Amino acid sequence: MSLIQRVPARYLWPVLLLLGLCFGSILGLILVTTSAQDRLEAVRETRTLEAALATSVSMVEHDLQDYAKWDDAVRHISYDFSAAWIDDNITAYLGKTQNYDHVFVIGPDGGTRYAFSNGNRSSSKLAEILGPSIQTAMAKVRAMDDRGTPIVSGFAREKRQVFVYSVAAVVPLTNKVSAPAGERHLLVIAERFDASHLANIRAKHHLPALALNLARPAPSSAALVLRDMDGNQIASVEIAFETPGTQFRREVIPGFAAIMVVAVIAALFILRQGGQSIAALTASQAKTQHLANHDPLTELPNRRVLLGRLNEAIATGNHFVLLYMDLDGFKGVNDLYGHGAGDALLREVASRLAAAAPAHSLIARTGGDEFAILCQLDVDGPGCSLAERIIASFQTTVPVAGANILIGISVGVVTSSSDALVDIDELMRRADVAMYNAKARGKNRWSDFTLELDEEHLVRKRLEQDLRIAIAENRIELAYQPIVLAESGAIVGLEALARWTHPTEGPIPPDVFIPLAEMTGLIGSLGGQVLRRACIDIKPLGIDLSVNLSPAQFWDAHLADQISAILADTGFPADRLELEITESYLLGRPQAAAAIMADLRTLGIRLALDDFGTGFASIGYLQSFKFDRLKIDKLFVKEAMGCASGRDLLVAIVALAQALGLRITAEGVETEDQAVLARAAGCHWLQGWLFGRPMPLSQLLQESSLRRETQKR
Ligand code: C2E
Ligand code: CA
Ligand code: CA
């Protein structure tokens, strides 16, 4: 039963039906042929018995006829009746040798003239022995012509005995004796027809068991009826028909049933195996399907599913919003905390998106740190409110790998268009443009697509391409700006600043190409080139070098290795190198940032906090990060000139930095007044146009005292 239960029903019944049909037909065929065989056998046996009975009768007739049609018999019976002659010439053979039970001679008047019964002469009457039908037989014989052989044979019954008998008229064989006038004498012989008679027949004709049944009418159809001369049924011979068909059936059917059972079990077994394979196949198909459509890490549908849904939405004309998102600074998390942490972060992102998105929207992971949400336009107001909700949901830190990470997300928003030209590729492109714009505008914000944006985007893409080429061809140049001692104005160091002159657009400001390099992953090689060149350039001058570091560089796990390799290659002393970093990108992950800073310090280099005052740095924050130097942003220097409060602020900042043991540089010093103020406030070093604009090294060497100093060295 359990075998059946484990077979899938839709296969079970057809197969069982088929098997049933096959076995049923075979069985039917066996039944039909074997019963036909039985029937044929019965017919054959019946015919054989009929013939055998006829032979029995004709044998009696044959025995009698020579004695009846015989000249001597006419002489000794019809003319000169002699019982002794009959004894010697007829009964001696028929009664004693052939063992007929009865021999009678009947006179023309019908009276019994001679009787021999059961081995002896007797006084029995013919009718008492053979019953009334013998009269009919005798009448028939009397009616027959002498020229033939007037003889009649058959079966007769008296009481419970059946006989086979023959009656013949005693007539001359030749014309040596003339036929007696009037009625003739009749000669009758009879033999008991009983079981032993039947046994002989059976043996001679290879028949099955036969039995004489005296019941009238015959009890069964399987019997051959015996009739007397009057046509009355006197007995029947029952045949125990042989049934070769039935016998065959009996022998074959158990084996056949066994085969049937085995076949059914085998079929069920095969079906079960098949069912299991099918189930396994279906499961693996479903799994493959799932894998093909889902991101294994977040379990979110993948890009393929998103494109399918977008296609559907476009085809059905439903209005929808597509949000295309990219994490800000994800690569840094991966580099810093390892891929396990990166994976955990992505999973958390997936769940935050799911929490922010309206029900029934599709959330997909379309790439490494890229996600998308597709939802109906009327579900939750315009796409921008959803975008805002998503950005808000990333304002709390994510606990990953024992740290609290603040990750940003930039969102591009596209709404479905009635413009027939907007196909799926164009939609995806627009979403990408909008997202890119959000990144370019400072990240962790959203932007929706407009056609103007598209133009900006094109320009930016072209510029990006050109920048890539410029970096590859090493065409980024350096300008150096002097940093001087506040007291004496002597140059103590130079800040290296990247310069790019576009072949057709002319000089591109670093505020444009540095963020572009950062967004496109070019900053690593650009920063490396700048540092290497600056080390080579400045090494012979024996003064300090300041180089700017961008956020993407800062979070690159290979930064320390890269810097120490450059220092080793160029032979630049580490203690003369100062790296400038801005505070904005340290805020999100203070612990990680502190770890990186500690790493860099072990190389022996110094760290400066650039553009101080423009970000959100708090006092506690300054304390925990252990910078060597604070560079006060040029805005403060400018402000300090305008009003007393500005001046007080500058003084307070310097005092604070001094209290924290930090050295201070004032940036953007353009006038002598500003220099005086900064000096008075307590700044150690000054930097600005007053002391020199950023310029090529050659120019700097010509204009400043540096050349002399170099020559002295
Ligand atoms: P920053 O690090 O604050 O660099 C100082 C900027 O102030 C320079 O602008 C410089 O020309 C300008 N400057 C210097 N003195 C004065 C002054 O007296 N008055 C005024 N108004 N401006 C002054 P620049 O060269 O356009 O660089 C802009 C920014 O681009 C830099 O700001 C720095 O953040 C970034 N940058 C430049 N080169 C590199 C680089 O090689 N790597 C990285 N990561 N960033 C760079
Ligand atoms: Ca700087
Ligand atoms: Ca600065």
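Q: What spacing do the donor residues of the calcium ion (ligand 2) show in sequence?
A: This is a predicted model, in which local features need pLDDT of at least 70 and side-chain atom pairs count only at pLDDT 80 or more, while totals for chains, interfaces and linings use all residues. Residues are numbered from 1 along each chain as its sequence is written, chains are lettered from A and ligands numbered from 1 in the order in which they are written, and side-chain values use heavy atoms, with hydrogens and water left out. The protein donors are Glu495 (OE), Asn548 (OD1), Glu580 (OE) and Asp610 (OD), at 2.1 to 2.4 Å from the ion; donors are N, O and S atoms within 2.8 Å of the metal (3.2 Å for Na, K and Ca), and water is not among the atoms, so sites may look incomplete. Written as a pattern, the spacing is E-x52-N-x31-E-x29-D.

Q: Which residue coordinates both the calcium ion (ligand 2) and the calcium ion (ligand 3)?
A: These two ions are 3.8 Å apart. The residue that coordinates both is Asp610.

Q: How many residues apart in sequence are the parts that Glu580 and Asp610 tie together?
A: Look for the strands here (DSSP runs of E, at least two residues; helices are runs of H or I, at least four; both are numbered from the N terminus). Glu580 lies in strand β21 (residues 577-582) and Asp610 in strand β22 (residues 606-612), so the pair links parts whose separation in sequence is 30 residues.

Q: Is Glu580 buried or exposed?
A: Buried means under 20% relative accessible area, exposed over 50%, and partly exposed in between (1.4 Å probe, protein chains only). The relative accessible area of Glu580 is 1%, so Glu580 is buried.

Q: Is His360 buried or exposed?
A: You can find His360 in the loop between α11 (339-356) and β11 (362-365). Its phi is near 70°, a positive value in a residue other than glycine. At 82% relative accessibility, His360 is exposed.
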